[in-house]
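Trainee: I'd like to learn how to read a model like this one. Could you walk me through it?

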Amino acid sequence: MNIAHILAIETSCDDTSVAIVDANYKVLANITSNQLIHQKYGGVVPELASRMHLKYIMELTQECLYQADIDLENINAVAVSVNPGLIGSLLVGASFAKGLAYGLNKPLIAVNHMIGHVYANKIENPSLEPPYLALIVSGGHSEIVHFLDNKEFKIVGKTYDDAAGEAFDKVAKILNLGYPGGPVIDELSKDGDSSFVELPRALKQKNNYDFSYSGLKTAIFNYLDQKDEKFVKENIIHIAASVQLAIIEPLVMKTIRYAKRNQIDKIVLAGGVSANSLLRNMMTEETEKHNIKIFYPPLKYCMDNAAMIGAAAIQKYIDNDFANLDLNPFSTKGTRNI
Ligand code: KG4
Ligand code: ZN
């Protein structure tokens, strides 16, 4: 029997992405168009994002089919991320996916974007199965999610305010480092001294698994108030390294704390911030100490991409868990079953 192929679409924020993934988690093609237009605004402009998705989605789909060397008729299902995200952006992907599914007379599969990030890990590790603890850290979310099995999970920790990626982006904006801030701060930090600026770790003593980054922004503002431009420029690598540690350390500490207390032996990193080198290194060190296995996606599948949406759709395809054509995207935050 021929193996099933899923065409997946991801348009939840500012990256338009189309992928073709087979039922063995093999990615035949994964094409992403990053919308550079937002850089000059220092953040994503929702209406521009929707319009760019609309402009490029057809061309990307054709290119994707060409790269995968597969005809549309040989696609077995169409998957799309429908929540969370910018509603205008989600509507473009969902409308396009519905049209394709209807035209091809093939099933439609709805995927939660955060679950998609977790499934990015299956691309290199198809045998990875719950129970595990996922640290999902992106531009809009920071959550610790305990997956009991593929359908049942509980969110055991989350941010009170900014997400980890958002904290990177906002501090980078304050420091005039451009957008998105995470990769820039990561790169600058490589030779920096992370003890250079003393920055707060909110909720450190709290006996919970939540995060808060609003105090960090204030602390950076206050710090910069006392320093002149020349000093900041000369010491930018040390400032960046201090910020990076202040964002990453609580994520690692709280994830490990929960894992230890609940005898969890697998931790899975997911979301754009899982590309962060300090997060990967600290997690590797800490998990080794506690005999826990660590998983993180290949760099190219950390940031938003359609391959992860295809990967998350495979089990749903096997279970005949299909969406109706009246499917409506929604922007409510969080990891959830759809
Ligand atoms: O998952 P993602 O692509 O989009 C959302 O679903 O939000 O995550 C984007 C976030 C941005 O905030 C970006 O700054 C952050 O991921 N990011 C990083 C790194 N690469 C991307 N943060 C820290 N270090 C990185 N290397
Ligand atoms: Zn994302």
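Mentor: We'll go through the metal site, the cysteines and a sheet.

Mentor: First, the ground rules. This is a predicted model, where local features need pLDDT of at least 70 and side-chain atom pairs count only at pLDDT 80 or more, while totals for chains, interfaces and linings use all residues. Residues are numbered from 1 along each chain as its sequence is written, chains are lettered from A and ligands numbered from 1 in the order in which they are written, and side-chain values use heavy atoms, with hydrogens and water left out.

Trainee: Which residues are the protein donors of the zinc ion (ligand 2)?

Mentor: Donors are N, O and S atoms within 2.8 Å of the metal (3.2 Å for Na, K and Ca), and water is not among the atoms, so sites may look incomplete. Here they are His 113 (NE2), His 117 (NE2) and Asp 304 (OD), 2.0 to 2.1 Å from the zinc ion. Their spacing along the chain reads H-x3-H-x186-D. His 117 sits in helix α3 (residues 113-119), and Asp 304 is 187 residues away in the loop between β10 (293-295) and α10 (306-318). Helices (H or I, at least four residues) and strands (E, at least two) are DSSP runs, numbered from the N terminus.

Trainee: Is His 117 buried or exposed?

Mentor: Buried means under 20% relative accessible area, exposed over 50%, partly exposed in between (1.4 Å probe, protein chains only). His 117 has 1%, so it counts as buried. Asp 304, with 18%, is buried too.

Trainee: How many disulfides does a search of the whole structure find?

Mentor: A disulfide is a covalent bond between the sulfur atoms of two cysteines. The search looks for a pair of cysteine sulfur atoms within 2.5 Å, and it finds 0 here. Take Cys 13: the nearest cysteine sulfur, in Cys 302, is 16 Å away, which is too far for a bond. Cys 13 is partly exposed at 23%, whereas Cys 302 is buried at 0%.

Trainee: In what order do the 5 strands of the open sheet lie?

Mentor: Strands pair if DSSP finds at least two bridges between them. The order is β3-β2-β1-β4-β5, with mixed pairing. At the edges, β3 (27-34) and β5 (108-112) each pair on one side only. β1 (residues 5-10) and β2 (residues 15-22) run antiparallel over 6 bridges, with His 5 opposite Asp 22 in β2.
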